[in-house]
Amino acid sequence: MVSITLAELAEKLDAQLHGDGAVTITSLAGMNSAGEGQITFLSSPKYRKGLALCRASAVMLKEGDLAYCHGNALVVADPYLAYAKVAQILDTTPACATDIASSAVVANDAILGEGVAIGPNAVIESGALIGDNVQIGAGCFIGKGAKLGARTKLWANVSVYHHVVIGQDCLVQAGTVIGADGFGYANDKGKWIKIPQLGRVVIGNRVEIGACTTIDRGALDDTEIADGVIIDNQCQIAHNVSIGENTAIAGATVMAGSLKVGKHCIIGGASVFNGHMEITDNVTITGMAMVMRPITEPGMYSSGIPLQPNREWRKTAARVLKIDEMHKRLKELEHQLDKQD
């Protein structure tokens, strides 16, 4: 268990301490469930009423909410950001692996840095280069010539194919596959002819990838994921996709081949992107969007029909099917009105 005094937390967060700095904090909890030894946070004034009943040892909040708090408090500019930082300080997540398991299979010419840990039944193939303090979980596969940067962590059963490059301080959750073949085929009179995928996947530093996500290798050039990108669970990133710095991609998103996504974008869950087009920087796509055309201007974009009661949705769907007919009738009415003028 990790413990820290409230005064020490205040210093690390550059926060204003109000109350007893000697109080020991051991964990985080929600405002309604927090108790002794725990710290919580208030990020919205609409939850102020909860402060009166809160039993946490301390609360992180904005200065405007301090008057409503009757216990120890840390005043910060952004309570949610402070929560994220405290969560890192108090993190008790175990290591992906410790030491090198006796059942791990490591090629003689693989190069391991200082402090590398490899879990049971993991396989490291010929020519792989593993940086300092990398953690490789149980059952992982690291292909020929793959490179993993320092302090990168792979949870169990991650597959990293040949010649894939992953940068420093990355985190890859269990079951993810990086560098499998892209979906490349030519058609010969109805018969599909496979096109070997000769590119790599190149991933920058501080990239996080969720569980069971797949990132395909390039057909000729590389699939590229830039520094600071975060990708949620069960996403599909096709061959030769390029994703710019600090873009965030929520779960179940599908990106077709040769898509280029800019920097600092936010992609809502279950969105679908056509390939061979470009999304500019600073674009937000709301969930379940179908992005079939390039986006050249920053901003927020949406598509799809929001949820309705089934009876209303059936009417909406029926009317959608008649849009072409309605459009033709409208054009005819406009034409008749123009003739009258």
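Predicted model: local features only at pLDDT ≥ 70, side-chain atom pairs only at ≥ 80, totals over all residues.

Aspartate 188 has lysine 191 of β22 as its bridge partner. The two strands make a hairpin with two residues between them. Show lysine 189 in that turn: its phi is positive, at about 55°.

Next, colour the strands of the open sheet. Ten strands take part, and the pairing is parallel. Stepping across the sheet, the order is β10-β13-β16-β19-β24-β27-β30-β33-β36-β38. Select 117–118 for β10 and 299–301 for β38 to see the two edges. Each of these strands has a single partner, so one side of each is left without a neighbour in the sheet.

For one pairing within this sheet, select β33 (residues 266–267) together with β36 (residues 283–285). Two bridges join them in the parallel sense. The bridge partner of isoleucine 266 is threonine 284, in β36.

Now select histidine 239. Which annotation covers His239 in the UniProt record? The unreviewed entry labels His239 "active site". Histidine 239 sits in the loop between β28 (236–237) and β29 (242–243). Is histidine 239 buried or exposed? Its relative accessible area is 15%, so histidine 239 is buried.

Leaving out residues up to four places away in sequence, the contacts are Gly182, Phe183, Gly184, Gln197, Asp216, Arg217, Gly218, Ala219, Thr223, Gly257 and Ser258. Draw a distance between the side chains of histidine 239 and glutamine 197: a polar contact of 2.8 Å joins them.

Move on to the aromatic rings. The structure holds four aromatic pairs. One of them is phenylalanine 41 with tyrosine 80, an edge-to-face pair at 5.9 Å centre to centre with 65° between the planes. This pair links distant parts of the chain, with phenylalanine 41 in strand β5 (residues 38–41) and tyrosine 80 in helix α2 (residues 79–89), 39 residues apart. Tyrosine 80 counts as exposed, because its relative accessibility is 52%.

Tyrosine 83 is partly exposed at 28% relative accessible area. Show the three rings at once: ring pairs link Phe41, Tyr80 and Tyr83 into a cluster.

Finish with the cysteines. How many disulfides does a search of the whole structure find? The search finds zero. Cysteine 54 counts as buried, at 17% relative accessibility.

Then select cysteine 235 and cysteine 212. The closest cysteine sulfur to that of cysteine 235 is in cysteine 212, 11 Å away, which is also too far for a bond. Cysteine 235 is buried as well, with a relative accessible area of 2%.

Methods:
Residues numbered from 1 in each chain as written. Heavy atoms only, no water. Pairing = 2+ DSSP bridges. Helix = DSSP H or I, 4+ residues; strand = E, 2+ residues; numbered from the N terminus. Disulfide = S-S within 2.5 Å. Buried < 20%, exposed > 50% of the residue type's maximum accessible area, 1.4 Å probe, protein only. Phe/Tyr/Trp six-rings, centres within 6.5 Å; stacked < 30°, edge-to-face > 60°. UniProt positions renumbered as here; feature names shortened; annotations may be inferred. Contact = heavy atoms within 4.5 Å. Polar contact = N/O pair within 3.5 Å; in protein donor to acceptor, adjacent residues only side chain to side chain.
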